[in-house]
Amino acid sequence: MVKVVRLLLAIVLALMSRFPAAASLRRDVLELGDADFDYLATEHETMLVKFYAPWCGHCKKLAPEFEKAATRLKGTVQLAKVDCTANADTCGRFGVTGYPTLKIFRNGKDSAPYDGPRTADGIYYYMKKQSGPDSVHLKTKEDLQIFVNNYDASIIGVFSGPDSSRLAEFLKAAGLLREQFRFAHITDLKIAEEHSVDSESVLLFRPPRLASSFENSVVVFKDYLTISSLRRFIRDHIYGLCPHMTMENRDRLRVRDLLTAYYDLDYHHNIRGSNYWRNRVMKVASKFTDRGLMFSVANKNDFLAELEDDFGLGTSDGGELPFVTIRTKLGYKYIMREEFTRDGRSLERFLEDYFAGRLKRYIKSEPIPEKNSASVKVIVAESFDDIINNPDKDVLIQFYSPSCPHCKKLEPVYRELADTLYSDPNIVIAKMNAVDNDIPLGYDVQGYPTIYFAPVGKKSDPIQYQGARELKDFLKFLKREASHNLVFSGNRDEL
């Protein structure tokens, strides 16, 4: 008997060594290759595939998050990976040109690129929404109640029958928007009669955890149904008066001017406690609904790094009370300095001052240098407007990071440029630490160093320098773009 077991084990191990994909079935992340991709992919209704290269640093960073998400999604959505260095045919077939590339497959067909978060939690929640049909068919009142009793909002199409022309349009919209929202549909009007529905319509159910006396929990859409009109309806009503901002939805919320109250919010374990402060925000928000400002609440622990970097707020700020910020779509930032009172009066005063233009913007800035006599002028956020936007001066500014090796390599060349033009009264060569200072609007800094030129008469439209980084290249650029003839230091003549 022992010999038989050993023989079977040897056969299994031999098969696994010959067919690596078979061995990978033991793991939560399926490893696919040129030989078996199509066969194995068609076995799964929904599958997220990571195309990677073993040497890729970003791929290595993603790997543990991908594995954790795969474990949590096991039995719901299959996660898989393809090594493009060993399976070039498959990667080429799906247009993979960079690593890692993530794609969503449905029944073996390339359905859509994955453009969600790349953390384990983010992948899990994003792909949970990708599993199953675009819209769930609800057949009873109980089905409806169970579906809408969810952590997230629900969009329910109510139709008179399965042959409704509006249902077809609704399903198209669900297919396009399923990544962001939960959809379901009903083909019997009686199922939704408790919500005063007697004709075809769409119901938007806000999450039960956010139920409040300040707004309706269900919003009805009865206009002519098209993909565009439904999209607008969802956009205008999905968040309500005061949504819960998370790392996943923050970018969608911040397309508008946004006030956020940060505190120890936890809708998974303490709904009542989380809504205590939210209700106070909503009470005040209801008085300012037509002023163009959106309101939200957030867990301060989720945004600690951002609050410290963008607003200078630490864990001790606010204590158990919420601290409140406003961030406008133009990037202006404000902090409520007064303690949040339980009657909401402090928040109301803060908003009155904001709309009256009495608040001073928060700007993250290093101190203004006491001495700034070197040829390269040091700019901080507080002095940026005075120096860079001086209407009588052309200014070349380098945005740098103190730890950036490319910036350190550029430093002697940049200093030589400043020394060369030190005698020119009409030009300033400057630099700013972009890590410890807010970068003003109009300057897109994605890496270091980034260099811009703000000439006289064009301060609102600075020119990004894209040339080589030698002295002669900088001088050639400035001679072409400057508002005046350059003047060299020393014995050099005016150009």
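Which residue is the bridge partner of Val378 in strand 17? In strand 17, that partner is Lys431. This is a predicted model, in which local features need pLDDT of at least 70 and side-chain atom pairs count only at pLDDT 80 or more, while totals for chains, interfaces and linings use all residues. Residues are numbered from 1 along each chain as its sequence is written, and side-chain values use heavy atoms, with hydrogens and water left out.

- Strand 3 (residues 78-83) is largely enclosed by the rest of the structure, because six of its six residues are buried (under 20% relative accessible area, 1.4 Å probe, protein chains only); strands are DSSP runs of E, at least two residues, and helices runs of H or I, at least four, numbered from the N terminus.
- Gln78, Ala80 and Val82 are buried on one side of strand 3, and Leu79, Lys81 and Asp83 on the other.
- Strand 1 (residues 29-32) runs parallel to strand 3 and is joined to it by four bridges, with Glu31 opposite Lys81.
- Strand 2 (residues 46-52) is also parallel to strand 3, through six bridges; Met47 has Gln78 as its bridge partner.

- Five strands form an open sheet of mixed pairing in the order 15-17-16-18-19, where pairing requires at least two DSSP bridges between two strands.
- Its edge strands, strand 15 (377-379) and strand 19 (463-464), each pair on one side only.
- Strand 15 pairs with strand 17 (residues 427-433) in the parallel sense over three bridges.

Terms used
Buried < 20%, exposed > 50% of the residue type's maximum accessible area, 1.4 Å probe, protein only.
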